[in-house]
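Please read it alongside the coordinates.

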Amino acid sequence: MKGYFRYFGGKVVWIIITFIFAFLLNFMLPRLMPGDPVAVITQRVTTGMQSQSGIQAVYEEYQELFGTNKPMLTQFFLYVKNLLHGDFGTSFSQYPRPVSDILRSSIWWTVMLQLPAIIVGWVIGNVLGVLAAYLRGGYDKVAMPVSIFASSLPAFGMAIILLVIFAVGLDWFPTSGGYDVAMIPSLSWAFIWSVFIHYQLPFWSIVLIIIGGQAIGMRSMAIYELNSDYVKYSRFMGIRDRRIILYVFRNAMLPQITGLALAIGTIVGGALVAEIIFSYPGLGTTILSAIRSQDYPLISATTLIITLMVLITTFTIEVLYGFIDPRIKAAQSD
Amino acid sequence: MKHTLRQVFGSPRFVVGFVIFAFIVLLVIIYPIFVRSEPLGIIGQGTFFPPGIYVNAYDTVGSEPYTLKLDNAAAKRLASRLSDQQRLDKKDWLVAAGIPENEIDPANTEKLLEQWESNYDPAVIVPGMINARRNYFVRLNASLGGILATEAAIIAEMNAETNTLEETGSVDQTDYVNINDVPNKRLLPLGTDNFGRDVLTELVSAIGTSLLIGIVAGLIATTIGLTLGLIAGYIGGFADDIVMFFTNMFTVIPTFVLLILISYSIGQEQRGAVTIAVVIGFTSWVWTTRAVRAQVISLRNRDHVNLSKLSGHSTGRIILLSILPYIASYVVMALILQISSAILAEAGLSILGLGPKTTDVPTLGLMMNWAMIYQAQVLGYWWAYLPVIITIALVSFSLNLMNTGLDQVFNPALRE
């Protein structure tokens with residue numbers, strides 16, 4: 001047990017260091033870049049204003065508001081202090097709504113959409129991958145190119161195709177939103193049904209993309225395993241194929257879990273853009289509207305939250321991996 | 001080298017991917033030779049003209065008419081004017097007048113008209129039909145008569161002195177114009193986009209730009225990844241620790257977030273296609289670094305490398321002659337994947353409105369972005385987004401196929 005604590009302890013320390021680094025990047029990047037965000041905002045607010053001193057006053061007002069006129073270090077501590085109080089600042093585009101309030105309403109949509117989609121896509125993809133490796137022949141010949149093609153499509157491309165076929169063409173599902181706009185969120189059956197119906201297309205577009213990528217990876221892994229000595233030995237022993245496949249699946253699954261931990265950032269990024277296609281009320285749509293309206297505090301807070309979510313997911317997968325991988329278990333029991 | 005090439009081109013996956021990719025590249029090179037119009041030139045006044053051949057209507061009036069007697073010309077003309085509702089109304093009347101319902105097909109214009117002509121009589125009083133409805137059918141019948149009339153359409157000109165219309169010519173219903181006689185026509189195979197730009201010309205130019213973005217970003221990422229991977233793998237020790245510290249960190253921090261932050265900070269005006277490519281390149285070297293490092297570590301203590309070291313060769317020479325040839329296939333595969341993911345990254349960024357600025361060059365992502373802003377997917381203007389998605393998928397599909405083909409050639413465990 002002590003060994004486990006060392007393993008997880010190491011992971012926790014690592015994740016904290018990474019978060020601090022990501023946090024610094026999130027703070028520094030926009031400030032290091034040649035453009036001046038305050039100037040951009042001022043320009044937007046003062047369009048049509050004639051007096052030069054007026055524009056100057058607005059500029060200084062905003063500088064004061066965001067503290068960009070203070071030294072970098074002071075700004076940083078101010079930022080950290082506010083964040084620790086859960087204060088992400090005030091949104092420009094939805095003034096005077098606080099950024100934390102906007103995020104609180106959109107974050108759950110994203111989590112509830114992406115987490116199940118990634119899990120379902122991962123499971124289906126891996127099962128298909130093992131089947132392709134085991135059956136080879138015709139199934140493989142069809143499944144492989146289809147998987148490669150599916151994983152070549154960007155998530156938004158898949159989203160648009162599903163949208164056009166099932167929402168516009170067949171009219172089975174709504175085209176946009178997280179629930180019927182005419183409804184007030186409540187715990188009634190009608191509302192839950194509406195959420196469920198709106199959930200389907202974004203969900204499946206993410207799932208389909210993940211299936212393709214995972215199936216390709218799992219197929220290669222499973223082919224390695226199928227050529228290994230223990231499989232040949234088991235066959236000589238006369239163990240049933242179904243049983244062997246189970247072992248192959250378990251062994252080939254381990255690298256796939258690590259692969260998922262490494263790819264989670266890319267998957268989330270793609271899925272956020274897919275959200276936009278359906279105007280799903282999650283973080284993707286939030287960041288789009290923030291970018292369109294040059295809402296600087298909202299962009300910065302959203303990217304920070306996305307980073308944090310990805311880090312937590314990666315950490316969770318690594319913890320799970322620690323429990324599943326027998327080698328780590330063996331190393332810890334020594 | 002020759003042998004390797006033959007091996008590579010022996011893999012069916014690689015060949016299919018290569019052919020698709022070569023076709024796309026050839027299209028980008030050859031198309032502008034034949035169609036010399038500005039890719040961003042706005043030709044249409046209005047949004048989303050459907051695909052087709054556009055013939056100047058003014059010119060057709062002036063052209064020499066040919067008389068062709070074609071049987072079903074009147075029916076076709078009617079079919080294009082008769083709305084679905086009018087067809088259904090006719091069916092209603094015919095059913096009410098006692099024609100069996102299964103004999104009436106509203107989609108078959110000729111038969112419907114025949115039945116209508118032979119059965120319809122304004123004097124008949126259909127039981128249960130209100131007067132207004134009956135009058136409607138009288139009007140419908142009269143308007144059909146107007147379309148079916150065989151008189152010519154008259155062309156008139158305004159006389160400036162008398163302010164009256166003077167007949168200058170007429171167009172018979174049997175008049176045809178040879179399309180070769182019409183001086184002004186334009187083929188728009190994919191219609192126009194929301195700005196009224198020719199989608200096909202724009203698309204071909206966009207593929208070029210997107211490929212450029214992919215290649216620039218891929219080369220940057222591969223160069224950085226290769227260098228860092230060689231440093232970490234071959235030199236090892238402290239250098240390895242430092243490189244791996246940052247590599248591990250950037251693996252977990254989502255690239256997407258970095259791209260958003262950097263592109264946003266650069267600002268709309270400074271964002272050109274190459275700038276975006278450089279940004280993507282600088283944020284996606286992580287995978288190559290990891291892969292190259294792992295390969296180099298496994299090569300570092302091989303006999304031929306040790307022999308080279310004992311012979312007193314310089315580090316640069318050892319890397320160039322004893323390490324690089326062994327990881328070359330790996331690096332090429334990594335480059336191919338980098339190119340494909342960079343094209344996707346640009347598209348994702350552009351949809352967020354953080355791509356290259358619109359007025360400069362078209363890219364696949366920007367075309368997507370504008371189609372989305374104008375809701376082309378909901379309004380059914382498929383030509384504005386579908387070709388773009390298909391192209392993105394095909395480019396990335398062909399690159400991925402080439403990659404798996406190479407993988408099969410260079411990775412013995414995966415051979416059939």
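## Dimensions of chain B

In this predicted model, chain B has a radius of gyration of 33 Å, whereas a compact globule of 416 residues would have one near 22 Å; the radius is taken over C-alpha atoms, and the globule rule is 2.2 Å times the number of residues to the power 0.38. Along the principal axes, the C-alpha atoms of chain B fill a box of roughly 110 × 60 × 45 Å.

Chain B contains 17 helices and six strands, these being DSSP runs (H or I of at least four residues for helices, E of at least two for strands) numbered from the N terminus. Of its 416 residues, 34% are buried, where buried stands for 20 or more other C-beta atoms within 10 Å of the residue's own, exposed for 12 or fewer, and partly exposed for values in between, with C-beta atoms placed from the backbone. Among contacts in chain B between residues at least 6 apart in sequence, 73% join residues at least 24 apart, a contact being a pair whose C-beta atoms, placed from the backbone, lie within 7 Å.

## Conventions

Residues are numbered from 1 along each chain as its sequence is written, while chains are lettered from A and ligands numbered from 1 in the order in which they are written. Because the model is predicted, local features need pLDDT of at least 70 and side-chain atom pairs count only at pLDDT 80 or more, whereas totals for chains, interfaces and linings use all residues.

## Contact between the chains

On the two sides of the interface, 45 residues of chain A are in contact with 37 residues of chain B. Several elements give two or more residues to the side of chain A, among them α1 (2–32), α8 (189–226) and α12 (296–324) of chain A, but α10(A) gives the most, with eight residues. This side of chain A divides into 29 nonpolar, 15 polar and one charged residue, with Ala, Val, Leu, Ile, Met, Phe, Trp, Tyr, Cys and Pro counted as nonpolar, Asp, Glu, Lys and Arg as charged, and the others, Gly among them, as polar.

## Positive phi values

A:S279, in the loop between α10 and α11 of chain A, has a phi near 45°, a positive value in a residue other than glycine; A:S279 is partly exposed, with 17 other C-beta atoms within 10 Å.

In chain B, the loop between α2 (12–34) and β1 (52–55) holds B:F48, a residue other than glycine whose phi is likewise positive, near 50°. B:F48 counts as buried, because 21 C-beta neighbours lie inside 10 Å.
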